[in-house]
Amino acid sequence: MPGERIILLGVNHKTTPVEVRERMALSSGYEQPLTALKQIGTIRECYLLSTCNRVELLLVAEPSDQLIDNILSFLFGDRIAKEQCREYLYIYYDRDAVHHLFMVAASLDSMIVGEAQILGQLKEAYRHASRFGCTGPLLNRLLHKSFSVAKRVRTETAIGSAAVSISYAAVQLAKKIFGNIRDKKVLLIGAGEMAELAAEHLVGQGVAEVVVANRTLARGVELAKRFHGRAVSFDELISQLEQVDIIISSTGAPTMVLRQSDVRPVMRVRRNRPLFFIDIAVPRDLDPDLNDLENVYLYDIDDLSSVVEMNRTGREREAVKATRIVDEMTLSFGRWMEGMTVTPTILALRNKADGICRAELEKTLPRLTGLSEEERHAIEVMLSAITAKMLHAPLAYLKSESCGGRDNSEAKIDTVRTIFDLGGDDQ
Amino acid sequence: MSEISYLLFQAVMLVTFLACSTYSVFFVSQKNRVRKVARILLVSSGILQTLYILSRYQLVGHAPITSQHETVVVFAWATTWAYLSFRWRYTVKNFGAFVSLLIMFLLVLSSLASREVSELVPALQSWWLPVHAGVSLFGYGFLALAFCGGLMYLLQERELKSKRFGYFFPRLPSLEALDQLNSHCLTVGFVFLSLGIVSGSVWARQAWGTYWHWDPKETWSLITWFIYLIQIHQRFTAGWRGKRAAIMAILGFAAVAFTLWGVSYLLGGVHSYAR
């Protein structure tokens, strides 16, 4: 029990490129990785969260290099060099781990800050972990706490309603144009990273299909595969416009890719169903005059930025508020954990004193003949009174809050354990 | 009876005013609790309007759709129930705020007109009266909804095209939703409008012996009818939608308004005992 800590290890979209994330060993549900985790002997409680942007493990275990190695091979398999893995992996302990978990739950660590999906994913992951008996009292409590952090952040701040990124802004606009985007199709012109990100978000919102038109078809095919879409050649661009609804353009072309005169006839074929163009290329791919066509909406990167900006003013204030809630809840959980660790120490101390008393009594009493029952009892009472008085000071020291702070109490526990030789395994 | 009728009308005005202002508060604050109250108020207003029309029926002894006042009240009533029936099937964000304003406006107009009980010309004493006028006005109700939707569409489209997002952008629904509203309300409204014209012409045949005799109101109804016909036709064939459809809905409603008021005041004719 002592020496065990809450450990959070993981990779996310900030530390790890997507090529690595998608090569990680966990793509097949929760059952198999959770059972594998349980097999690692030194882990007492565990929990695993796997989304497209992050893989995180929460453990209650005694940290050791051996453990980290085990986890690394669990996460990455043998496909990536160990040293490289260590670079991607972040590890937090105890309070930092709790804080990170709360940040994730509150969607403050998400790619799109404030998006609501993560809480559902967290709950789902927890459901699996508890079904396979991986979580124990500590993680149960911690995870439930994280849900209530998320709920508080959602109700007490407006973070959820504020959009942050370009791709979120694009989705926001698409929703104002199309209402429901579930039956809409997206065309990516060029396979740039920004376009990919925006498409990812649109796919997350459930668009029906993704079509990729790229000059090098191979790269287009590759990207299309990621979204289970299809790739088309660049020459088919105009004919594709008849079928798609949202177009994200990000080619490196020095000249315009689509002009007003290209799109005007398409609108007749489309029977004026709206087209939403998003031009995130610099220099721009799309003729600014497209916006003058009826039922055509064109936004370039600056227009989108202004949407983002509009959302941001409120967002920053809300994020500060949300972080404060997270900090506060981390503190209160930390206090609870402290109690958890002080109590066993007190118990161990009492047990040790009682043990000594009993041993000494057993040694001494047989040699004292002629004692009445009453006198024997008096000696026992005296012994326990002495130990109680001796222990009073260290116990008061352990329980005292005057010095406050968690680091302090850990030090206190350590001191008491060393002085009284309570050792690692006090059982 | 006239006492009750009078009180009911005051109640209608009060409750509609409350519904309208609650919808406005909801439009500004976007708090769902407010919307719930607004809905209850609007339904109450609809019920009170129905009661008022019934009391008026008792009072004048025939379908109360002959005087200017009565006609406009029935118009407001039809708009209210058209909205409530629409609301029952579709959700369009903040539509109620616009529609309740229009209903309030119509009721204020009706309160300005004379509430005198007018004698019914013998030619009008027929059960065709409620059928013809009721159906036409119900059609107008739906066309009024399309008008509100058209206004909202133009507002939202302007925000999206100009890329300067102001007060309305987050408060108005998506263009698609508004376009669907337009299509739905126009179709229903157009069917009622057609039925109104057909029933009127059949009635005219019975009362005056000819189906059609180019009375100004008839002419203008026909013009209105053609405006909507063109629009619906174009939507189905050439895919007219969006801004163009919104503008047409507004133009069409202007024609409706002229048929209802302009004709009676400016042009006269057989329909203008409805003064």
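1. Before anything else, a word on naming: helices (H or I, at least four residues) and strands (E, at least two) are DSSP runs, numbered from the N terminus. Residues are numbered from 1 along each chain as its sequence is written, while chains are lettered from A and ligands numbered from 1 in the order in which they are written. You are looking at a predicted model, in which local features need pLDDT of at least 70 and side-chain atom pairs count only at pLDDT 80 or more, though totals for chains, interfaces and linings use all residues.

2. Chain A in outline. Chain A has 15 helices and ten strands. Of its 427 residues, 35% are buried; buried here stands for 20 or more other C-beta atoms within 10 Å of the residue's own, exposed for 12 or fewer, and partly exposed for anything in between, with C-beta atoms placed from the backbone. Take the contacts in chain A between residues at least 6 apart in sequence: 73% of them join residues at least 24 apart. A contact needs the two C-beta atoms, placed from the backbone, to lie within 7 Å.

3. A sheet to find in chain A. Four strands form an open sheet in the order β2-β3-β1-β4, with antiparallel pairing; strands pair if DSSP finds at least two bridges between them. At the edges sit β2 and β4 (90-93) of chain A, each pairing on one side only. From one strand to the next, the twist averages 15°.

4. Look at β3(A) next. Seven of its eight residues are buried, so the strand is mostly covered. Eight bridges link β3(A) with β1 (residues 5-12) of chain A, running antiparallel. Across that pairing, A:Leu9 faces A:Leu57, and A:Leu8 stands opposite A:Leu58. A hairpin of three residues connects β2(A) to β3(A).

5. α5(A) lies across β1, β3 and β4 of chain A and runs at about 45° to β1(A). Axes are lines fitted to C-alpha atoms, for helices over the stretch in contact, and angles run from 0 to 180 degrees between N-to-C directions.

6. Which residues does UniProt list as "binding site"? The unreviewed entry gives A:Thr51, A:Cys52, A:Asn53, A:Arg54, A:Ser110, A:Glu115, A:Ala116, A:Gln117 and A:Gln121. UniProt positions follow the numbering used here, feature names are shortened, and annotations may be inferred rather than shown by experiment. Of these residues, A:Asn53 is buried because 22 other C-beta atoms lie within 10 Å. A:Ser110 sits in the loop between α5 (94-105) and α6 (117-131) of chain A and counts as buried because it has 20 C-beta neighbours inside 10 Å. Leaving out residues up to four places away in sequence, A:Ser110 touches A:Glu115 and A:Ile118.

7. Another loop position worth a click is A:Ala281, between β9 (275-279) and β10 (296-300) of chain A. Is A:Ala281 buried or exposed? A:Ala281 is buried, because 22 other C-beta atoms lie within 10 Å. Apart from residues up to four places away in sequence, A:Ala281 touches A:Gly190, A:Ser249, A:Ser250 and A:Thr251. From A:Ala281 to A:Ile248 is 33 residues in sequence and 9.2 Å in space, C-alpha to C-alpha.

8. UniProt's unreviewed entry lists "transmembrane region" for several spans of chain B, including 6-28 and 133-155. Residues 6-28 of chain B are 100% helix and 0% strand, with end C-alpha atoms 33 Å apart. Residues 133-155 of chain B are also 100% helix and 0% strand, and their end C-alpha atoms lie 33 Å apart.

9. Two helices of chain B to look at together are α2 (residues 32-60) and α3 (residues 68-89), whose axes come within 10 Å and cross at roughly 145°. Among the residues that meet are B:Leu42 and B:Tyr52 in α2(B), and B:Trp77 and B:Trp81 in α3(B). This contact has ten nonpolar, five polar and two charged residues. Ala, Val, Leu, Ile, Met, Phe, Trp, Tyr, Cys and Pro count as nonpolar, Asp, Glu, Lys and Arg as charged, and the others, Gly among them, as polar.

10. Finally, where the chains meet: 14 residues from chain B and 17 residues from chain A take part in the contact. On the chain B side, α5 (128-162), α6 (175-208) and α8 (243-267) each supply at least two residues. The largest share on that side, three residues, comes from α6(B). By class, the chain B side has five nonpolar, three polar and six charged residues.
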